[in-house]
Amino acid sequence: MQLVNSYPVSLIVNKLQEAHIPANDATCLKELGKRDVFFRRQGDFSEPKGCKVKSAVRLSRAGQVQLDNAPLLTCTMALQLARFSEDKLQSAARDVLGTTVKRLRHIGTYNCRSMRQFKGVLSQHAFANAIDVSAFELANGNVINVARDWRATGAKAKFLKRVSSDACDAFHVAVSPDGDANHFNHLHWDMGPYRSCR
């Protein structure tokens, strides 16, 4: 399947998105290294379909929060996720649930594909500049699952709505299950060149 179709607009948007990712993010890496995180550098690479990963890391811990499978993320996205995890995420857990988050589960970061709703336009996942969060494991052993708990009632749903709302301020794009049917089981966060909160 071709990711880039005959639409000139998709080519333009893809070039703009690629230009948005810094080629050499030494400042970001220095800032990330000052935080209470564990990460390792990832070498740059690209794929023939137009997907490119530059200035990326594998982030395995941000503060008290472990991240499943050390997700591959641009430094910019990793830094913002670390800030969010250490501050807003933990505040929401303490305020709503009286505990803290110990693990963030996700269903993907890097994926060389186009956006589902705009064929030919590369997703931010194609640049490792996005994460799809599916669940949160708490210090008390409970697990809050987006697919199961988003439309429920009670503290778990309240926590997810609070996290989703806070994510709108922290990330450039934040999409919840209320955004569209494609996001029924996860919260999508990215640091792309445009802004949207759904």
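Colleague: What relative accessibility does Cys-197 have?
Modeller: Cys-197 counts as partly exposed, where buried means under 20% relative accessible area, exposed over 50% and partly exposed in between (1.4 Å probe, protein chains only). The model is predicted: local features need pLDDT of at least 70 and side-chain atom pairs count only at pLDDT 80 or more, while totals for chains, interfaces and linings use all residues. Residues are numbered from 1 along each chain as its sequence is written, and side-chain values use heavy atoms, with hydrogens and water left out. The relative accessibility of Cys-197 is 48%.

Colleague: Which residue does a disulfide join to Cys-197?
Modeller: A disulfide here is a pair of cysteine sulfur atoms within 2.5 Å. The S to S distance for Cys-197 is 1.8 Å, and its partner lies in helix α5, 29 residues apart from it, with Cys-197 itself in strand β12 (residues 196–197). Helices (H or I, at least four residues) and strands (E, at least two) are DSSP runs, numbered from the N terminus. The partner is Cys-168.

Colleague: Is Cys-168 buried or exposed?
Modeller: The torsion about the S-S bond of Cys-168 and Cys-197 is 65 degrees, a right-handed link. Cys-168 has a relative accessible area of 18%. With that value, Cys-168 is buried.

Colleague: How many disulfides does the count come to?
Modeller: Besides Cys-168 with Cys-197, Cys-28 pairs with Cys-75 and Cys-51 with Cys-112. With the bonded cysteines numbered in sequence order, the pairing reads 1-3, 2-4, 5-6. The count of disulfides is 3.

Colleague: Why is the disulfide of Cys-28 and Cys-75 left-handed?
Modeller: The sulfur atoms of Cys-28 and Cys-75 are 2.2 Å apart. This link runs from helix α2 to helix α3, over 47 residues, and both ends are covered: Cys-28 has a relative accessible area of 8% and Cys-75 one of 0%. The disulfide is left-handed because the torsion about its S-S bond is about -95 degrees.

Colleague: Which residue in β4 is the bridge partner of Gln-42?
Modeller: Two strands pair if DSSP finds at least two bridges between them. Strand β1 (residues 37–42) runs antiparallel to β4, with 6 bridges, and β4 also has 3 antiparallel bridges to strand β6 (residues 72–74). In β4, 5 of the 7 residues are buried. The partner of Gln-42 is Ala-56.

Colleague: Which residue in the turn of the β4 and β5 hairpin has a positive phi?
Modeller: β4 and β5 pair in the antiparallel sense over 2 bridges, and Ala-62 has Val-65 as its bridge partner in β5. The hairpin has 2 residues between its strands. The one with a positive phi, of about 65 degrees, is Gly-63.

Colleague: What is the radius of gyration of the protein?
Modeller: The protein has 5 helices and 12 strands. The radius is taken over C-alpha atoms, and the globule rule is 2.2 Å times the number of residues to the power 0.38. That rule gives 16 Å for 198 residues, close to the model's value, so the protein is as compact as a globular protein of that length. Its radius of gyration is 17 Å.
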